[in-house]
Amino acid sequence: MGAWSAVGLVLGLVMFLVSFAPSLLPRRWLLQGLVGGFSAATGYLVGFLLEMTVDAVMRLVDLDVQVSWHLPGGIWILAMLGVVVVIVGWWWSVREHRETARLVGMTEQPPWRDIAATAVALATMVLLMVLIRSVVLFTAWVSQGLDLFLPSVLSVVVALIIALAVVRMVNRMVFQQALERISRQADKLDRRRPRNLQPPQLPTRSGSAGSGQPWAELGRRGQIFTSCGPSAADIAAVLGGPSAEPIRVYASLGDGAIEAAVEMAMAEVRRTGALDRGTLVIDTPAGRGWVDEFSVQAVEYLTGGDCATVSVQYSKLASAFVFLADPETPRACARALFAALEEAIHDLPAGRRPKIYASGESLGAYGGHGAFADADDMLAKVDGALWIGTPGITELARTIARSRMRGSPEITPVIDNGRHIRFATKPPELVADAYGRPLGEWDVPRVVYLQHASDPMCRFNAELAWREPDWMRERAGSDVNTSLRWWPLVTWFQITTDMLTSLDTPAGHGHIYEDELVPAWAAVLGRADAPITTITAAIRASVEGLKASNSLTGSGNSAS
């Protein structure tokens, strides 16, 4: 246990090289370096554990194997061969990363960034391997002490368990302290008022005069949501006809529990008359309470303002930290809000009930699915739904995708010939599959899963570490590099870091959804005759104006 593991070193080198292979998105040089370093260290750890396991088995059966070989200048030959492999592999990866950037509309990185990524990868690899080596030496020291009381093999096992327990305890302490600090920073950010925005004057908005929760208490994301969006006059100017004032209901988490926020939202629903509108959208926000302005405005224009959008903040943390720290809360919040609205709507006369639609983007899509037991339950409860950039860990969405018809790819699975549920990476796939074959009749309720082929959020799940996904074998995405291959563990690291750069792409790729939301909502709402191009231009002008005034940090999940 004292020497470096030869198997670990070889496996670490292999994983270091393949970590530079292309992925869904071009990675920043720092992230690429971290992927390379972590991949190499993981390879070394796996090789070390494998070597140690084989050694333990050989001790148990009292087997001694010795291998001897001699090759003149063998070390130098292997070293030169290794250098050649590294250079060729590095050149190939640079070329493929440029192709990946071209496919998603991003600019090519200058050569110095690839060199910097390699340097960071080597430094990270050395640091992590030194840490692993330290744990190994600690384990060996504990094992030597236990040899006085236990058989040698058993002492190694016990020492390893003790070492892993110490590492886990340290990790939990560090993670807990980091999360507490991040939570404090998130609370400060939530209290920061957005620039160039004023409290809403219309009574149809939460935070206006008479609202149960003042605008100042809605949090940064709630303030943006309630102060933005088109008025009835704006909608009428685009549609050329009379329009209503859209209703926007929002409740912030504040210092209370989710139940209190849901009660506040229901009070606002009653105050604004949201249930009197023809269309009611339950929009589960992403991290920090972020709601996609492009999506909300699409519904408001398509319905002529005869709609209400209801959203409840469940966390002040960014989406990634909610996933790590509290993944059940978004689902619980959606479930509670949906149940409260269902009960209120049930009390209305049948002829006065609004049509119910569900929506959410990113973590909001993951949370929104918590309101439904399965696909049949979803179709029974809503008149339609639009799920945007749904995370690959969303179990209900994965179950639906697994029921796809034979011959349809995993990224755009065809479910029951598109009768109710349709997956699309771009608007044309709302009426035809990925290969251009027309889908069948689209009955109500209509559910759309909008997810770019290059969106790593939609592709990520734990199984990537040990199993090649169907979408990678099928290579059906128009903006995905065909050189993409699956590698055990490495692909998991790659897609994980791709999620960190998924907001760097232009709209229409990665995790940025904008123009395609209008035709998607038009399909869900059954408004095929709507002026899609005109509405899209109006929303884009509005969102770009908000960006220019620094009211929004972006229309994508950069705001979450």
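Predicted model: local features only at pLDDT ≥ 70, side-chain atom pairs only at ≥ 80, totals over all residues.
The protein has 560 residues, and 52% of them count as buried. Its secondary structure consists of 19 helices and seven strands. Among contacts with a separation of 6 or more, 76% are between residues 24 or more positions apart.

Seven strands make up an open, parallel sheet, and their order is 1-3-2-4-5-7-6. Strand 1 (247-251) and strand 6 are at the edges; each has a single partner strand, so one side of each has no neighbour in the sheet. On average, neighbouring strands of this sheet are turned by 15° against each other, direction ignored. Strand 5 (residues 384-388) pairs with strand 7 in the parallel sense, over five bridges. Within this part of the sheet, G384 stands opposite R446 in strand 7. Helix 8 (residues 258-272) packs on the sheet, where it touches strand 1 and strand 3, and its direction makes about 160° with that of strand 1. Helix 6 (residues 219-227) also lies across strand 1 and strand 3 (307-312), and runs at about 170° to strand 1.

Helix 18 (residues 517-525) is mostly covered, with nine of its nine residues buried. Among these buried residues are P519 and W521. They pack against strand 2 (279-284), strand 4, strand 5 and strand 7, and also against helix 9 (293-302) and helix 19 (532-548). Just after helix 18 comes G526, with a positive phi of about 75°.

Side chains of opposite charge can pair when their charged atoms come close. The whole structure holds 22 salt bridges. One of them joins D498 and R27, at 3.6 Å from N to O. This pair links distant parts of the chain, 471 residues apart: D498 belongs to helix 17 (residues 490-500), while R27 is in the loop between helix 1 (6-18) and helix 2 (29-60). Both D498 and R27 are buried.

In another salt bridge, the closest N and O atoms of R437 and D433 are 2.6 Å apart. Here D433 is buried, with a relative accessible area of 11%, whereas R437 is partly exposed, at 44%. R467 and E463 form a salt bridge at 2.7 Å, N to O. R467 counts as partly exposed at 39% relative accessibility, and E463 counts as partly exposed at 24%. A network of salt bridges links R404, D470, R473 and E474.

Some backbone details remain. The peptide bond from V444 to P445 is cis, and its omega is near 5°. P445 is in the loop between strand 6 (421-424) and strand 7 (446-450). S362 is not a glycine, yet has a positive phi of about 60°. This residue lies in the loop between strand 4 (355-361) and helix 12 (363-368). S362 is buried, because its relative accessible area is 1% and buried means under 20%. D416, also not a glycine, has a positive phi of about 50°. The loop that holds D416 runs between helix 14 (395-402) and strand 6. At 49% relative accessibility, D416 counts as partly exposed.

Conventions
Residues numbered from 1 in each chain as written. Heavy atoms only, no water. Helix = DSSP H or I, 4+ residues; strand = E, 2+ residues; numbered from the N terminus. Buried < 20%, exposed > 50% of the residue type's maximum accessible area, 1.4 Å probe, protein only. Contact = heavy atoms within 4.5 Å. Pairing = 2+ DSSP bridges. Axes fitted to C-alpha atoms, helices over the stretch in contact; angles between N-to-C directions. Salt bridge = Lys/Arg side-chain N within 4 Å of Asp/Glu carboxyl O.
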